[in-house]
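This report looks at helix packing and charged side chains. Please have the sequence and the 3D view open while reading.

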Amino acid sequence: METSVPGPLSQPLAAGAVAALTGFASSFVLVLAGLTAVGASPAQAASGLLALCLAQFALAALLSWRTRLPLSFVWSTPGAALLVAAQGRTGSLDAAVGAFGLCALLVVVTGAWPALARLVRRVPTPVAGALLAGVLFPLCLAPVTAVGRVPAPALLVVLVWLVLRRSRPPLAVPAAMVVALAATVADLPGGVALDWVPRLTPVLPELDPFVLVSLGVPLYVVTMAGQNIPGFTILEQLGYRDVPTGRVLVGAGLGSGAAALFGGHTVNLSALAAGIIAGPGADRDPARRWIAAVAGGAGYLVLGLLAAPIAGLVGSTDPVLVEAVAGLALLDSFVGGLVSALADAAHRVTAGATFAVVASGLTFAGIGSAFWGLLAGLAVFAVLRAPALPGRHRSARS
């Protein structure tokens with residue numbers, strides 16, 4: 001990497017602050033909705049959000065400082081969407097936390113065992129992309145459902161999001177959430193009482209085998225394929241080819257495990273924010289961009305301390321409108337998954353089969369559709385790539 005005269009310290013600090021604010025504002029609604037969907041109370045959802053922010057700060061500060069690389073960490077957005085899709089199927093938050101712990105363990109093992117990391121990288125892109133798109137698809141329908149159930153406020157939410165999505169994209173989701181909250185509070189005679197004290201609420205994991213398989217394994221796959229692996233790729237494209245993959249994954253897994261004990265689902269290496277924190281805009285000198293990663297982690301820490309009132313506000317909002325805002329926030333990720341799934345024309349049938357099974361919401365033997373979609377996609381991919389049987393073409397012509 002080329003070095004140059006460093007700019008003012010305010011430059012990487014500002015880049016980190018922008019990355020944290022943008023990342024938090026664009027998907028905190030989804031995290032709270034996902035935790036609520038798997039049984040968390042408003043206080044437990046706030047605890048989970050705070051735990052994730054604490055883990056992200058600790059990982060970014062420790063690993064970026066030790067390696068002098070811009071390593072930023074965020075919660076798993078596709079993982080949060082997976083939680084929403086699993087609504088009513090985990091039985092309790094305790095069982096969901098058990099699945100979070102399994103995901104964390106798998107990430108640690110992936111970092112410590114290079115062979116597993118190579119195996120995960122070999123999950124076909126059409127399968128990984130279709131799995132992500134299939135998980136997100138039902139939630140992306142939420143704005144349409146909301147318009148059918150509560151037309152006036154839902155249309156206003158969509159309109160505000162659309163206008164700001166064109167002119168001020170970072171403000172689109174927060175503004176839509178404010179509109180949803182305002183539409184709800186107008187009908188609450190006593191307003192909203194908020195708790196401003198940040199609290200971590202311990203959750204004892206429950207090891208339900210069905211939840212471990214149907215939630216823990218897909219959570220691991222979408223987190224690795226949807227964020228960790230792209231995160232490494234983006235850093236490499238920006239010139240950072242000496243990132244210690246094993247150390248980063250072990251750290252992310254340990255951080256996820258710690259957050260899980262307080263209700264957080266999982267954290268991972270940042271993919272989208274890496275362009276802000278590890279790019280030239282953070283500092284002219286690549287060797288100083290790690291400061292932006294630490295600043296971004298600190299930004300998440302500050303925002304995490306506001307998790308209780310934020311969760312209180314979201315919890316007081318009409319759930320239909322909350323899901324509508326979350327669905328709008330996920331449209332970019334849904335399109336990205338769909339594009340990657342269908343990019344290779346030779347494997348579009350594989351992508352279509354994976355997407356259809358995941359989006360169906362199928363539950364078989366107590367296991368949800370994300371797991372079966374993954375298996376179906378891998379099976380179709382293997383069959384369609386298998387060599388033709390001897391004499392197959394001759395018998396077809398006879």
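## Terms and model

A crossing is left-handed if the near helix is turned anticlockwise from the far one by less than a right angle, and right-handed if clockwise. Helices (H or I, at least four residues) are DSSP runs, numbered from the N terminus.

This is a predicted model, in which local features need pLDDT of at least 70, side-chain atom pairs count only at pLDDT 80 or more, and totals for chains, interfaces and linings use all residues. Residues are numbered from 1 along each chain as its sequence is written, and side-chain values use heavy atoms, with hydrogens and water left out.

Two packed helices are described by the angle between their axes and the distance between the axes. Axes are lines fitted to C-alpha atoms, for helices over the stretch in contact, and angles run from 0 to 180 degrees between N-to-C directions. Angles under 35 degrees count as roughly parallel, over 145 as roughly antiparallel, 65 to 115 as roughly perpendicular and the rest as oblique.

Helix α4 (residues 93–112) packs on α10 at an angle of about 45°, and the two axes are 8 Å apart. α4 is therefore oblique to α10. The crossing of α4 over α10 is right-handed.

On the α3 side, T77, P78, G79, L82 and L83 make the contact; on the α10 side, L215, P218, L219, V222 and Q227 do.

## Residue G79

G79 is found in α3, which spans residues 77–85. Is G79 buried or exposed? Its relative accessible area is 0%, so G79 is buried; buried means under 20% relative accessible area, exposed over 50%, and partly exposed in between (1.4 Å probe, protein chains only). Apart from neighbours within four places in sequence, G79 is in contact with L219, V222 and H265. The C-alpha atoms of G79 and V135 are separated by 9.1 Å, and the two residues are 56 apart along the chain.

## Helices α1 and α9

Helix α1 (residues 10–37) and helix α9 (residues 169–185) pack at an angle of about 40°, with axes 8 Å apart. This angle makes α1 oblique to α9. Their crossing is left-handed. Residues in the contact include A25 and V29 of α1, and V173 and M177 of α9.

## Charged side chains

Side chains of opposite charge can pair when their charged atoms come close. A salt bridge is a side-chain nitrogen of Lys or Arg within 4 Å of a carboxyl oxygen of Asp or Glu. How many salt bridges does the structure hold? The structure holds two. One joins R165 and D332 (2.7 Å, N to O). R165 lies in helix α8 (residues 151–167) and D332 in helix α16 (residues 331–342), 167 residues apart. R165 is partly exposed, at 31% relative accessible area, and D332 is partly exposed, at 49%.

R288 and D283 also meet in a salt bridge (2.8 Å, N to O), and both of these residues are buried. R289 lies in the loop between α12 (274–277) and α13 (290–304). R289 is buried but has no salt bridge, and the nearest side chain of opposite charge, D283, is 6.0 Å away. For charge, Lys and Arg count as positive and Asp and Glu as negative, while His and the chain ends are not counted.

Methods. Helix = DSSP H or I, 4+ residues; strand = E, 2+ residues; numbered from the N terminus. Contact = heavy atoms within 4.5 Å.
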